[in-house]
Structure formats: C-alpha cells, structure tokens
Amino acid sequence: MRLFRSPPWESVVYWALDLEMGGLDARKDPVLAVGMVPIRGGTIRLGEAWRTLVRPPEGARIDPDSVRAHQLLRAEVQSAPPVADVLPEIARRLRDAVLLVHHRQVDLPFLRREFKAAGRRWPAPDVVDTAKLLVRIGSTAAPGVPDDAVPLQLGRARAEYGLPEYQAHDPLADAIATAELFLVLRKVLGARTLRDLL
C-alpha cells in the first residue's frame, strides 16, 4: 500500500466555523447562528467571512442560559432562514476544504444532526480542532500535566498567547478568534503539513 504525502499546511483552505445554539444538547437544541471565515495561503480572509442567524423549528426550546451567553432572543431569529436553507452555504464552503473549530465535540454533533435531518449528505471534511492542538502543546510543554489543566476556553487560551480579547458568543467573532488562535498554535507546533494538525 502506498501512502500519499500530506499537503503543506498553507496550501489547504480552512474554514473556521462557530455555531450559537439554543442549548448544548445536540439531540434537541436548535442552531441559532453560524459564523465562518476562511484561511487561504496561511492568511485569514475577512472579506470572505459569512454570518447568518438561523430560525429555530416551531416549538423548539431555547435554554435561558444560552440566551444569557449569546444574547440572541427568539424574536431576533424568527425572520432568519431555517437551518435547511443555511446548510447548502455551509456545505459549499466546506467543499475541498478543512473544517476548523474550537472543541469539535460541541459543534460537529449539531452539524451532523442538521445535515441528516435535512436529508443532506454530511461533507465529512478533515477537521482541525484548536482545543486538541492546545492539549497537544500542553502535553509537550509540561509532561505529566493532566489535559484538564490546559486552558481550553477560547478566550483564556487566546490570552495565554497574547491575542486580543473579543466579544464571546458571537459566531463570526468566535470563528475569527479560532482562526487567529489556529495560526499561532500552528507556529508553536512547527506544523508543516496538514497531517501535523489533524
């Protein structure tokens, strides 16, 4: 069996994505907003950033704790497109690209659920997770330190690396924050290929 070489990291297009949801239960809580921004040639392309609110299904519950975090009220999302109309835009951006997220176990179950519910094929992109990269760096920097001692909250991790503070829980701001953190972590890791980041 012949193994294919992994492409140089900067030759790959990454789409940083963040979701705001009506709760954290991927079995039932609705997606309320999506933010995405690409990294091309190792540069964040703010001019191609995309953000949309998402109208929740009729009768879907929005957890009050989530509203306190993201400040999205039901009245604000009522005129937004339904998730089925938003999925093609996500899929188009992920075609031939790598999905970049912070904590894949939060966003991916919601995305997969929505694609399945809409009868659409999940694009199954490669996924780079900045939280996983932080754990990898923490394990290397301080052997024996438990993974839960590494600062994984996005704002805290950014502060550790001297990145500016942004308003949390806005999907586009969080996508941009994830993209910036990724570029710093890639450099810290000395990653040269996509495989080094997966």
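Author: The lining of the largest pocket divides into 13 nonpolar, ten polar and eight charged residues, where Ala, Val, Leu, Ile, Met, Phe, Trp, Tyr, Cys and Pro count as nonpolar, Asp, Glu, Lys and Arg as charged, and the others, Gly among them, as polar. The model is a predicted one, in which local features need pLDDT of at least 70, side-chain atom pairs count only at pLDDT 80 or more, and totals for chains, interfaces and linings use all residues. Residues are numbered from 1 along each chain as its sequence is written, and side-chain values use heavy atoms, with hydrogens and water left out.

The space in the largest pocket comes to about 690 Å³, a volume being the space filled by probe spheres set on grid points that are joined across faces, edges and corners. On a 1 Å grid over the protein atoms alone, a pocket is an open set of points with protein on both sides within 12 Å along at least five of seven lines, a cavity is a set where a 1.4 Å probe fits but cannot get out, and lining residues have an atom within 4 Å of a point. There are 31 lining residues here, and D18, E20, Q153, H169 and D174 are the closest to the centre of the pocket. Two or more residues of the lining come from each of strand 1, helix 1 (64-70), helix 4, helix 6 and helix 7; helices (H or I, at least four residues) and strands (E, at least two) are DSSP runs, numbered from the N terminus.

Buried means under 20% relative accessible area, exposed over 50%, and partly exposed in between, with a 1.4 Å probe and protein chains only. The core has 27 residues, of which Y14, V37, V128, F182 and L197 touch the most other members. Among the elements that give two or more residues to this core are strand 1 (14-21), helix 6 (154-160) and helix 7 (171-189), and helix 7 supplies the largest share, eight residues. Leaving aside residues up to four places away in sequence, V128 touches residues including Y14, F182 and L197, contact meaning heavy atoms within 4.5 Å.

Rings of Phe, Tyr and Trp (its six-membered ring) pair if their centres lie within 6.5 Å, and planes under 30 degrees apart count as stacked, over 60 as edge-to-face and the rest as tilted. The ring centres of W9 and F182 are 6.2 Å apart with planes at 70°, so this pair is edge-to-face. W9 lies in the segment before strand 1 and F182 in helix 7, 173 residues apart, so that the pair links distant parts of the chain. Both W9 and F182 are buried, and ring pairs link W9, Y14 and F182 into a cluster.

For comparison, the second largest pocket holds about 170 Å³ of space, and its lining has five nonpolar, no polar and five charged residues. Among the residues that line the second largest pocket are R92, R95, D96, R120 and R121.

Key. Core = buried A, V, L, I, M, F, W, Y, C linked by side-chain atoms within 4.5 Å.
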